[in-house]
Amino acid sequence: MTSETLSTNEKVRPAAANSTRRVPLSRGLSTKLLLLTIAFVLLAEILIFLPWIASYRVNWLKERLGTAAAVSIVLLQGEPNSLSHNAQNDVLMAIGAKAIAVRDGGVSRLLVVSDMPPQVDKHIDITNVGLVNGMTGALDTLFFGGKRMLRVFGPVGDSDKEFELIMPDYRLRDAMLRYSRNVAVVSLLISLFTAMLVYAAIDLIMIGPIRTMTRSILSFSEAPDDPGRVICPTERADEIGVAERELAQMQDRLQKMLSEQKHLADLGMAVSKINHDMRNILASAQLMSDRLRQVKDPTVQSFAPKLLRALDRAVSYSEGVLHYGRTQEPAPSRRRLRLRQLVDDVHGLLDIEQGIEFINGVDLAFEVDADSDHLFRVLTNLCRNSVQAMAADTESAVVRRLAVAAERHGSVSRITVTDTGPGLPPKARENLFAAFRGSARSGGTGLGLAIAHELIRAHGGAVELVESIGGRTVFAVTIPDQPVRLDQARNGLRRPA
(Lines give C-alpha, C1' and ligand atoms only; values in the text may rest on other atoms or scores of the structure.)
Protein backbone atom coordinates (compact mmCIF):
# COMPACT_ATOMS: atom_id res chain seq x y z
CA MET A 1 0.00 0.00 0.00
CA THR A 2 1.46 3.38 -1.00
CA SER A 3 1.78 6.45 1.17
CA GLU A 4 -0.83 8.23 -0.97
CA THR A 5 -3.33 5.47 -0.19
CA LEU A 6 -2.58 5.73 3.53
CA SER A 7 -3.09 9.47 3.51
CA THR A 8 -6.37 9.02 1.66
CA ASN A 9 -7.59 6.50 4.24
CA GLU A 10 -6.59 8.85 7.05
CA LYS A 11 -8.70 11.57 5.47
CA VAL A 12 -11.68 9.29 4.99
CA ARG A 13 -11.73 7.93 8.55
CA PRO A 14 -12.22 11.30 10.29
CA ALA A 15 -14.99 12.11 7.83
CA ALA A 16 -16.69 8.80 8.60
CA ALA A 17 -16.25 9.40 12.33
CA ASN A 18 -17.80 12.86 12.06
CA SER A 19 -20.74 11.44 10.11
CA THR A 20 -21.50 8.99 12.93
CA ARG A 21 -21.38 11.78 15.51
CA ARG A 22 -24.01 13.85 13.70
CA VAL A 23 -27.53 12.50 13.31
CA PRO A 24 -29.13 13.50 9.97
CA LEU A 25 -32.43 15.34 10.18
CA SER A 26 -34.21 12.54 8.32
CA ARG A 27 -33.17 10.02 11.01
CA GLY A 28 -33.49 12.29 14.02
CA LEU A 29 -35.92 11.77 16.88
CA SER A 30 -37.88 14.87 15.89
CA THR A 31 -38.61 13.58 12.38
CA LYS A 32 -39.50 10.12 13.66
CA LEU A 33 -41.79 11.61 16.28
CA LEU A 34 -43.56 13.78 13.71
CA LEU A 35 -44.09 10.91 11.27
CA LEU A 36 -45.26 8.52 13.98
CA THR A 37 -47.72 11.08 15.32
CA ILE A 38 -49.20 11.62 11.83
CA ALA A 39 -49.43 7.85 11.28
CA PHE A 40 -51.08 7.20 14.64
CA VAL A 41 -53.62 10.01 14.22
CA LEU A 42 -54.48 8.76 10.72
CA LEU A 43 -54.88 5.25 12.11
CA ALA A 44 -57.25 6.58 14.77
CA GLU A 45 -59.19 8.47 12.09
CA ILE A 46 -59.50 5.29 10.02
CA LEU A 47 -60.89 3.40 13.01
CA ILE A 48 -63.38 6.22 13.62
CA PHE A 49 -64.20 6.48 9.90
CA LEU A 50 -65.75 2.99 9.73
CA PRO A 51 -68.72 3.75 12.05
CA TRP A 52 -69.03 7.21 10.45
CA ILE A 53 -69.40 5.87 6.90
CA ALA A 54 -71.79 3.15 8.12
CA SER A 55 -73.95 5.79 9.81
CA TYR A 56 -73.82 7.99 6.71
CA ARG A 57 -75.03 5.10 4.53
CA VAL A 58 -77.95 4.28 6.81
CA ASN A 59 -79.00 7.93 7.11
CA TRP A 60 -78.82 8.37 3.33
CA LEU A 61 -81.10 5.38 2.80
CA LYS A 62 -83.47 6.57 5.55
CA GLU A 63 -83.77 9.96 3.84
CA ARG A 64 -84.70 8.31 0.53
CA LEU A 65 -87.16 5.96 2.25
CA GLY A 66 -88.73 8.90 4.09
CA THR A 67 -89.24 10.79 0.83
CA ALA A 68 -90.78 7.69 -0.72
CA ALA A 69 -93.10 7.37 2.31
CA ALA A 70 -94.29 10.96 1.89
CA VAL A 71 -95.08 10.35 -1.78
CA SER A 72 -96.81 7.08 -0.90
CA ILE A 73 -99.12 8.74 1.65
CA VAL A 74 -100.14 11.36 -0.90
CA LEU A 75 -100.91 8.69 -3.46
CA LEU A 76 -102.86 6.60 -0.97
CA GLN A 77 -105.13 9.53 -0.08
CA GLY A 78 -105.75 10.49 -3.75
CA GLU A 79 -107.62 8.77 -6.53
CA PRO A 80 -106.09 5.67 -8.11
CA ASN A 81 -104.12 6.39 -11.22
CA SER A 82 -104.21 10.10 -10.31
CA LEU A 83 -100.58 10.48 -11.46
CA SER A 84 -99.75 10.23 -15.08
CA HIS A 85 -96.95 8.04 -16.31
CA ASN A 86 -94.66 11.05 -16.82
CA ALA A 87 -95.41 12.34 -13.34
CA GLN A 88 -94.57 8.94 -11.85
CA ASN A 89 -91.25 8.94 -13.70
CA ASP A 90 -90.49 12.41 -12.42
CA VAL A 91 -91.16 11.33 -8.83
CA LEU A 92 -88.99 8.24 -9.15
CA MET A 93 -86.20 10.17 -10.83
CA ALA A 94 -86.23 12.74 -8.02
CA ILE A 95 -85.83 9.99 -5.44
CA GLY A 96 -83.51 7.93 -7.62
CA ALA A 97 -85.74 4.86 -7.40
CA LYS A 98 -87.27 2.35 -9.78
CA ALA A 99 -90.41 1.55 -7.77
CA ILE A 100 -92.23 2.51 -4.55
CA ALA A 101 -94.49 0.14 -2.65
CA VAL A 102 -96.33 0.10 0.66
CA ARG A 103 -97.34 -2.82 2.92
CA ASP A 104 -100.39 -2.32 5.07
CA GLY A 105 -102.11 -5.09 7.05
CA GLY A 106 -100.02 -7.74 5.37
CA VAL A 107 -101.06 -6.56 1.92
CA SER A 108 -98.36 -5.10 -0.36
CA ARG A 109 -99.37 -2.48 -2.95
CA LEU A 110 -97.15 -1.16 -5.74
CA LEU A 111 -97.74 2.59 -5.95
CA VAL A 112 -95.23 3.95 -8.45
CA VAL A 113 -93.10 2.05 -10.91
CA SER A 114 -91.13 3.13 -13.92
CA ASP A 115 -88.99 0.21 -14.95
CA MET A 116 -89.19 -2.84 -12.76
CA PRO A 117 -85.75 -4.51 -12.61
CA PRO A 118 -85.54 -8.22 -13.36
CA GLN A 119 -83.95 -8.96 -9.96
CA VAL A 120 -82.93 -7.36 -6.67
CA ASP A 121 -79.31 -7.92 -5.57
CA LYS A 122 -79.59 -6.95 -1.93
CA HIS A 123 -82.39 -6.50 0.62
CA ILE A 124 -81.82 -3.95 3.43
CA ASP A 125 -84.12 -3.83 6.45
CA ILE A 126 -83.51 -0.26 7.63
CA THR A 127 -84.65 -1.05 11.18
CA ASN A 128 -82.26 -4.00 11.74
CA VAL A 129 -78.92 -2.54 10.60
CA GLY A 130 -76.44 -3.10 13.44
CA LEU A 131 -72.97 -1.62 13.91
CA VAL A 132 -71.07 -4.58 12.45
CA ASN A 133 -73.58 -5.13 9.62
CA GLY A 134 -73.56 -1.42 8.87
CA MET A 135 -69.74 -1.25 8.61
CA THR A 136 -69.45 -4.37 6.45
CA GLY A 137 -72.29 -3.14 4.23
CA ALA A 138 -70.69 0.30 3.86
CA LEU A 139 -67.32 -1.21 2.88
CA ASP A 140 -69.07 -3.57 0.47
CA THR A 141 -70.83 -0.63 -1.21
CA LEU A 142 -67.63 1.44 -1.40
CA PHE A 143 -65.45 -1.26 -2.96
CA PHE A 144 -67.90 -3.45 -4.89
CA GLY A 145 -71.05 -1.35 -5.37
CA GLY A 146 -72.24 0.84 -8.24
CA LYS A 147 -74.01 -1.80 -10.34
CA ARG A 148 -76.38 -3.37 -7.87
CA MET A 149 -80.13 -3.08 -7.29
CA LEU A 150 -81.24 -2.53 -3.69
CA ARG A 151 -84.55 -3.15 -1.93
CA VAL A 152 -84.80 -0.89 1.08
CA PHE A 153 -87.79 -1.36 3.38
CA GLY A 154 -88.98 -0.46 6.83
CA PRO A 155 -91.43 1.76 8.76
CA VAL A 156 -91.06 5.53 8.68
CA GLY A 157 -91.84 7.66 11.71
CA ASP A 158 -94.86 6.57 13.76
CA SER A 159 -96.71 5.09 10.81
CA ASP A 160 -97.85 1.48 11.10
CA LYS A 161 -97.26 1.00 7.41
CA GLU A 162 -94.05 -0.44 5.96
CA PHE A 163 -92.64 1.27 2.90
CA GLU A 164 -90.45 -0.27 0.25
CA LEU A 165 -88.07 1.34 -2.18
CA ILE A 166 -86.30 -0.35 -5.09
CA MET A 167 -83.33 1.63 -6.34
CA PRO A 168 -79.82 1.27 -7.85
CA ASP A 169 -76.86 1.88 -5.54
CA TYR A 170 -74.62 4.00 -7.80
CA ARG A 171 -75.95 7.28 -6.33
CA LEU A 172 -75.39 5.91 -2.83
CA ARG A 173 -71.83 4.91 -3.72
CA ASP A 174 -71.09 8.32 -5.29
CA ALA A 175 -72.36 10.08 -2.18
CA MET A 176 -70.29 7.82 0.08
CA LEU A 177 -67.15 8.46 -2.01
CA ARG A 178 -67.63 12.22 -1.73
CA TYR A 179 -68.18 11.89 2.01
CA SER A 180 -65.06 9.70 2.34
CA ARG A 181 -62.98 12.21 0.38
CA ASN A 182 -64.11 15.05 2.64
CA VAL A 183 -63.42 12.99 5.75
CA ALA A 184 -59.95 12.07 4.43
CA VAL A 185 -59.04 15.72 3.81
CA VAL A 186 -60.29 16.78 7.23
CA SER A 187 -58.49 13.83 8.88
CA LEU A 188 -55.23 14.71 7.18
CA LEU A 189 -55.52 18.32 8.32
CA ILE A 190 -56.32 17.19 11.86
CA SER A 191 -53.36 14.78 11.78
CA LEU A 192 -50.95 17.48 10.65
CA PHE A 193 -52.26 19.97 13.17
CA THR A 194 -52.19 17.43 16.00
CA ALA A 195 -48.74 16.21 14.99
CA MET A 196 -47.36 19.75 15.00
CA LEU A 197 -48.83 20.42 18.45
CA VAL A 198 -47.55 17.13 19.85
CA TYR A 199 -44.18 17.65 18.19
CA ALA A 200 -43.85 21.18 19.59
CA ALA A 201 -44.83 20.05 23.09
CA ILE A 202 -42.59 16.98 23.19
CA ASP A 203 -39.72 18.82 21.54
CA LEU A 204 -39.93 21.46 24.25
CA ILE A 205 -40.34 18.99 27.11
CA MET A 206 -38.20 16.03 26.04
CA ILE A 207 -36.48 16.10 22.63
CA GLY A 208 -34.87 19.50 23.20
CA PRO A 209 -33.27 18.54 26.54
CA ILE A 210 -32.19 15.16 25.12
CA ARG A 211 -30.61 16.97 22.17
CA THR A 212 -28.79 19.26 24.64
CA MET A 213 -27.49 16.25 26.59
CA THR A 214 -26.37 14.57 23.37
CA ARG A 215 -24.43 17.66 22.33
CA SER A 216 -22.89 17.87 25.80
CA ILE A 217 -21.76 14.22 25.62
CA LEU A 218 -20.21 14.76 22.18
CA SER A 219 -18.54 17.98 23.30
CA PHE A 220 -17.28 16.36 26.51
CA SER A 221 -15.82 13.40 24.62
CA GLU A 222 -13.72 15.76 22.51
CA ALA A 223 -12.03 17.35 25.55
CA PRO A 224 -12.92 15.49 28.78
CA ASP A 225 -10.35 17.48 30.77
CA ASP A 226 -12.06 20.81 30.02
CA PRO A 227 -14.36 21.81 32.94
CA GLY A 228 -16.33 24.03 30.56
CA ARG A 229 -17.58 20.93 28.70
CA VAL A 230 -19.53 19.66 31.73
CA ILE A 231 -23.29 20.02 31.25
CA CYS A 232 -25.12 22.57 33.42
CA PRO A 233 -28.18 20.70 34.76
CA THR A 234 -31.54 22.41 35.11
CA GLU A 235 -33.77 22.32 38.18
CA ARG A 236 -36.39 20.08 36.59
CA ALA A 237 -37.93 17.50 38.91
CA ASP A 238 -38.83 14.92 36.23
CA GLU A 239 -36.76 12.12 34.66
CA ILE A 240 -34.97 14.53 32.30
CA GLY A 241 -33.84 16.63 35.24
CA VAL A 242 -32.56 13.54 37.07
CA ALA A 243 -30.71 12.42 33.91
CA GLU A 244 -29.11 15.87 33.52
CA ARG A 245 -27.92 15.96 37.12
CA GLU A 246 -26.60 12.39 36.96
CA LEU A 247 -24.79 13.18 33.70
CA ALA A 248 -23.20 16.27 35.26
CA GLN A 249 -22.04 14.25 38.28
CA MET A 250 -20.74 11.46 36.05
CA GLN A 251 -18.79 13.91 33.89
CA ASP A 252 -17.38 15.59 37.00
CA ARG A 253 -16.29 12.25 38.48
CA LEU A 254 -14.78 11.22 35.17
CA GLN A 255 -12.75 14.43 35.03
CA LYS A 256 -11.39 13.80 38.52
CA MET A 257 -10.61 10.18 37.61
CA LEU A 258 -8.78 11.25 34.44
CA SER A 259 -6.82 13.80 36.45
CA GLU A 260 -5.81 11.10 38.94
CA GLN A 261 -4.90 8.71 36.12
CA LYS A 262 -2.75 11.41 34.54
CA HIS A 263 -1.09 11.99 37.90
CA LEU A 264 -0.43 8.28 38.23
CA ALA A 265 0.92 8.10 34.68
CA ASP A 266 3.25 11.03 35.38
CA LEU A 267 4.38 9.29 38.55
CA GLY A 268 5.08 6.10 36.61
CA MET A 269 7.09 8.05 34.07
CA ALA A 270 9.12 9.69 36.83
CA VAL A 271 9.74 6.36 38.55
CA SER A 272 10.84 4.77 35.29
CA LYS A 273 13.48 7.50 34.86
CA ILE A 274 15.01 7.02 38.30
CA ASN A 275 14.56 3.27 38.52
CA HIS A 276 17.82 2.40 36.75
CA ASP A 277 19.96 4.69 38.91
CA MET A 278 18.21 3.55 42.10
CA ARG A 279 18.95 -0.09 41.36
CA ASN A 280 22.62 0.72 40.76
CA ILE A 281 22.84 2.57 44.07
CA LEU A 282 21.20 -0.26 45.97
CA ALA A 283 23.43 -2.82 44.24
CA SER A 284 26.47 -0.88 45.40
CA ALA A 285 25.07 -0.79 48.93
CA GLN A 286 24.61 -4.56 48.77
CA LEU A 287 28.26 -5.07 47.84
CA MET A 288 29.43 -2.88 50.71
CA SER A 289 27.07 -4.58 53.13
CA ASP A 290 28.50 -7.98 52.25
CA ARG A 291 31.81 -6.88 53.78
CA LEU A 292 30.08 -6.31 57.12
CA ARG A 293 29.91 -10.08 57.54
CA GLN A 294 33.71 -10.15 57.84
CA VAL A 295 33.63 -7.78 60.83
CA LYS A 296 34.01 -9.75 64.06
CA ASP A 297 32.01 -7.29 66.16
CA PRO A 298 29.01 -9.20 67.64
CA THR A 299 26.75 -6.15 67.27
CA VAL A 300 27.59 -5.86 63.58
CA GLN A 301 27.06 -9.60 63.14
CA SER A 302 23.56 -9.34 64.65
CA PHE A 303 22.49 -6.45 62.41
CA ALA A 304 24.18 -7.53 59.16
CA PRO A 305 21.59 -10.20 58.12
CA LYS A 306 18.71 -7.75 58.71
CA LEU A 307 20.49 -5.07 56.71
CA LEU A 308 21.09 -7.47 53.81
CA ARG A 309 17.45 -8.60 53.78
CA ALA A 310 16.30 -5.00 53.84
CA LEU A 311 18.55 -4.13 50.88
CA ASP A 312 17.34 -7.18 48.95
CA ARG A 313 13.75 -6.13 49.48
CA ALA A 314 14.60 -2.56 48.52
CA VAL A 315 16.04 -3.76 45.21
CA SER A 316 12.95 -5.84 44.49
CA TYR A 317 10.70 -2.93 45.48
CA SER A 318 12.48 -0.54 43.13
CA GLU A 319 11.79 -2.99 40.33
CA GLY A 320 8.21 -3.61 41.46
CA VAL A 321 7.24 0.06 41.68
CA LEU A 322 7.57 0.35 37.92
CA HIS A 323 5.38 -2.72 37.50
CA TYR A 324 2.74 -1.15 39.74
CA GLY A 325 2.76 2.01 37.64
CA ARG A 326 2.12 -0.20 34.61
CA THR A 327 -0.57 -2.19 36.50
CA GLN A 328 1.59 -5.32 36.13
CA GLU A 329 1.83 -6.50 39.73
CA PRO A 330 3.23 -10.06 39.64
CA ALA A 331 1.00 -12.91 40.76
CA PRO A 332 1.68 -14.10 44.34
CA SER A 333 4.01 -17.05 44.87
CA ARG A 334 2.29 -18.59 47.89
CA ARG A 335 4.06 -20.69 50.52
CA ARG A 336 3.44 -21.71 54.13
CA LEU A 337 4.94 -18.92 56.29
CA ARG A 338 5.64 -18.54 60.01
CA LEU A 339 3.80 -15.30 60.56
CA ARG A 340 5.46 -14.37 63.86
CA GLN A 341 8.94 -14.30 62.25
CA LEU A 342 7.58 -12.18 59.36
CA VAL A 343 6.09 -9.71 61.86
CA ASP A 344 9.48 -9.54 63.64
CA ASP A 345 11.10 -8.64 60.30
CA VAL A 346 8.53 -5.89 59.84
CA HIS A 347 9.28 -4.60 63.36
CA GLY A 348 13.00 -4.54 62.63
CA LEU A 349 12.46 -2.44 59.50
CA LEU A 350 10.16 0.14 61.13
CA ASP A 351 11.62 3.36 62.47
CA ILE A 352 9.76 3.29 65.80
CA GLU A 353 10.26 6.25 68.10
CA GLN A 354 10.92 5.84 71.79
CA GLY A 355 7.62 5.64 73.64
CA ILE A 356 5.78 3.56 71.01
CA GLU A 357 5.25 0.00 72.16
CA PHE A 358 5.21 -2.78 69.55
CA ILE A 359 3.51 -6.06 70.45
CA ASN A 360 3.87 -9.16 68.30
CA GLY A 361 0.86 -11.16 69.46
CA VAL A 362 1.14 -13.88 66.83
CA ASP A 363 1.51 -17.41 68.17
CA LEU A 364 4.82 -19.12 67.46
CA ALA A 365 3.12 -22.00 65.64
CA PHE A 366 0.78 -19.84 63.54
CA GLU A 367 1.20 -20.38 59.80
CA VAL A 368 -0.30 -18.48 56.88
CA ASP A 369 -0.54 -19.43 53.21
CA ALA A 370 0.74 -16.35 51.35
CA ASP A 371 3.52 -14.74 49.34
CA SER A 372 6.19 -13.62 51.83
CA ASP A 373 7.20 -10.46 49.96
CA HIS A 374 3.61 -9.42 49.32
CA LEU A 375 2.49 -9.99 52.91
CA PHE A 376 5.63 -8.24 54.20
CA ARG A 377 4.77 -5.17 52.10
CA VAL A 378 1.16 -5.20 53.29
CA LEU A 379 2.05 -5.42 56.97
CA THR A 380 4.84 -2.86 56.56
CA ASN A 381 2.44 -0.34 54.99
CA LEU A 382 -0.21 -0.87 57.69
CA CYS A 383 2.27 -0.72 60.55
CA ARG A 384 4.11 2.31 59.14
CA ASN A 385 0.80 4.18 58.83
CA SER A 386 0.04 3.37 62.47
CA VAL A 387 3.48 4.52 63.65
CA GLN A 388 3.20 7.77 61.71
CA ALA A 389 -0.29 8.41 63.12
CA MET A 390 0.87 7.84 66.73
CA ALA A 391 4.10 9.85 66.27
CA ALA A 392 1.99 13.02 66.05
CA ASP A 393 0.98 12.61 69.74
CA THR A 394 3.57 14.44 71.86
CA GLU A 395 1.97 14.05 75.29
CA SER A 396 3.90 11.61 77.43
CA ALA A 397 0.76 10.32 79.15
CA VAL A 398 -0.87 9.15 75.93
CA VAL A 399 -0.65 5.40 75.36
CA ARG A 400 1.04 4.65 72.05
CA ARG A 401 0.83 0.97 71.26
CA LEU A 402 0.95 -1.03 68.01
CA ALA A 403 -0.14 -4.67 68.16
CA VAL A 404 -0.24 -7.36 65.50
CA ALA A 405 -2.30 -10.48 66.16
CA ALA A 406 -3.64 -13.39 64.13
CA GLU A 407 -6.31 -16.04 64.35
CA ARG A 408 -7.62 -18.81 62.12
CA HIS A 409 -11.21 -19.56 61.19
CA GLY A 410 -11.21 -22.86 59.35
CA SER A 411 -9.11 -22.33 56.20
CA VAL A 412 -9.05 -18.52 56.54
CA SER A 413 -6.30 -16.58 58.31
CA ARG A 414 -7.20 -13.21 59.84
CA ILE A 415 -4.42 -10.80 60.78
CA THR A 416 -5.28 -7.66 62.77
CA VAL A 417 -3.16 -4.52 63.11
CA THR A 418 -4.33 -2.40 66.05
CA ASP A 419 -2.99 0.97 67.17
CA THR A 420 -3.96 3.57 69.77
CA GLY A 421 -3.64 6.52 67.41
CA PRO A 422 -6.12 9.35 66.83
CA GLY A 423 -8.12 7.43 64.19
CA LEU A 424 -8.68 8.11 60.51
CA PRO A 425 -10.24 11.38 59.35
CA PRO A 426 -13.59 11.18 57.45
CA LYS A 427 -11.98 11.95 54.08
CA ALA A 428 -9.50 9.09 54.48
CA ARG A 429 -12.32 6.66 55.43
CA GLU A 430 -14.37 7.65 52.36
CA ASN A 431 -11.43 7.08 49.98
CA LEU A 432 -9.66 4.40 51.99
CA PHE A 433 -8.09 2.34 49.19
CA ALA A 434 -7.98 5.02 46.46
CA ALA A 435 -4.51 6.14 45.41
CA PHE A 436 -3.78 9.84 46.03
CA ARG A 437 -7.07 10.29 47.90
CA GLY A 438 -6.95 7.91 50.84
CA SER A 439 -4.04 9.48 52.72
CA ALA A 440 -4.60 10.00 56.45
CA ARG A 441 -1.83 12.60 56.86
CA SER A 442 -0.81 15.77 55.12
CA GLY A 443 1.62 15.18 52.29
CA GLY A 444 0.80 11.47 51.99
CA THR A 445 -0.03 9.83 48.69
CA GLY A 446 -2.38 7.11 49.90
CA LEU A 447 -0.48 4.53 47.84
CA GLY A 448 0.26 2.30 50.83
CA LEU A 449 -3.30 1.16 51.41
CA ALA A 450 -3.96 1.00 47.66
CA ILE A 451 -0.98 -1.32 47.19
CA ALA A 452 -1.97 -3.43 50.21
CA HIS A 453 -5.52 -3.75 48.92
CA GLU A 454 -4.29 -4.88 45.48
CA LEU A 455 -1.81 -7.41 46.87
CA ILE A 456 -4.32 -9.06 49.22
CA ARG A 457 -6.99 -9.18 46.51
CA ALA A 458 -4.49 -11.16 44.41
CA HIS A 459 -4.50 -13.73 47.27
CA GLY A 460 -8.30 -13.91 47.13
CA GLY A 461 -8.57 -12.05 50.44
CA ALA A 462 -9.47 -8.57 51.62
CA VAL A 463 -8.19 -5.64 53.65
CA GLU A 464 -10.85 -3.87 55.69
CA LEU A 465 -11.10 -1.15 58.29
CA VAL A 466 -12.79 -2.78 61.27
CA GLU A 467 -12.85 0.20 63.61
CA SER A 468 -11.49 3.75 63.69
CA ILE A 469 -12.20 5.99 66.67
CA GLY A 470 -10.04 8.18 68.84
CA GLY A 471 -7.65 5.84 70.63
CA ARG A 472 -8.32 2.70 68.61
CA THR A 473 -7.91 1.85 64.92
CA VAL A 474 -8.11 -1.74 63.71
CA PHE A 475 -7.28 -3.03 60.24
CA ALA A 476 -7.95 -6.67 59.37
CA VAL A 477 -6.21 -8.68 56.63
CA THR A 478 -8.12 -11.82 55.61
CA ILE A 479 -6.32 -14.46 53.52
CA PRO A 480 -7.92 -17.79 52.62
CA ASP A 481 -5.73 -20.85 52.10
CA GLN A 482 -5.17 -22.07 48.58
CA PRO A 483 -7.81 -24.58 47.49
CA VAL A 484 -6.47 -28.10 47.05
CA ARG A 485 -7.04 -29.57 43.60
CA LEU A 486 -8.77 -32.95 43.65
CA ASP A 487 -6.26 -34.64 41.34
CA GLN A 488 -3.33 -33.51 43.51
CA ALA A 489 -5.04 -34.77 46.65
CA ARG A 490 -5.68 -38.14 45.04
CA ASN A 491 -2.07 -38.42 43.93
CA GLY A 492 -0.94 -37.66 47.46
CA LEU A 493 -3.18 -40.37 48.90
CA ARG A 494 -1.91 -42.96 46.38
CA ARG A 495 1.76 -42.44 47.22
CA PRO A 496 3.25 -45.25 49.38
CA ALA A 497 4.17 -44.37 52.91
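**Entry 1: helix α8**

I looked up the buried residues of helix α8 (residues 339–349) and found L339, L342, V343 and V346. Buried here means under 20% relative accessible area, exposed over 50%, and partly exposed in between, with a 1.4 Å probe and protein chains only. Helices are DSSP runs of H or I with at least four residues, strands are runs of E with at least two, and both are numbered from the N terminus. Seen down the axis of α8, the buried residues fall within an arc of 100°, so they line one face of the helix. I took the arc from the directions that lead from the helix axis to the C-beta atoms. On the other side of α8, I noted Q341 and G348 as exposed.

**Entry 2: basis of the values**

I am working with a predicted model, in which local features need pLDDT of at least 70 and side-chain atom pairs count only at pLDDT 80 or more, while totals for chains, interfaces and linings use all residues. Residues are numbered from 1 along each chain as its sequence is written, and side-chain values use heavy atoms, with hydrogens and water left out.

I then turned to the strands, where two count as paired if DSSP finds at least two bridges between them. Strand β7 (residues 357–360) pairs with strand β9 (residues 401–409) in the parallel sense over 4 bridges. For E357, I found R401 as the bridge partner in β9. Between β9 and β10 I found 8 bridges, and these two strands run antiparallel. They form a hairpin with 2 residues between them, and G410 in the turn has a positive phi of about 65°.

I followed T418, which lies in strand β10 (residues 412–419). T418 stands opposite A403. T418 is buried, at a relative accessible area of 19%. Leaving aside residues up to four places away in sequence, T418 touches R401, L402, A403, R472, T473 and V474, contact being heavy atoms within 4.5 Å.

**Entry 3: aromatic rings**

How many aromatic pairs does the rule give? I took rings of Phe, Tyr and Trp (its six-membered ring) as paired if their centres lie within 6.5 Å; planes under 30 degrees apart count as stacked, over 60 as edge-to-face and the rest as tilted. The count comes to 1 aromatic pair. Y56 and Y179 form a stacked pair, 4.4 Å centre to centre with 10° between the planes. The pair links distant parts of the chain, with Y56 in helix α2 (residues 29–77) and Y179 in helix α5 (residues 170–222), 123 residues apart. Y56 is partly exposed at 25% relative accessible area, and Y179 is partly exposed at 23%.

I also looked for charges over rings, which requires NZ of Lys or CZ of Arg within 6 Å of the ring centre and within 35 degrees of the ring normal. The charged end of R151 sits over the ring of F153, 4.2 Å from its centre. The charged end of R408 sits over the ring of F366, 5.9 Å from its centre.

**Entry 4: cysteines**

I searched for disulfides, defined as pairs of cysteine sulfur atoms within 2.5 Å, and the structure holds 0. I recorded C232 as exposed, with a relative accessible area of 68%, and C383 as buried, with 1%.

**Entry 5: Q388**

Q388 lies in helix α9 (residues 372–391). I noted Q388 as partly exposed at 31% relative accessibility. The C-alpha atoms of Q388 and E353 are separated by 9.6 Å, and the two residues are 35 residues apart along the chain.
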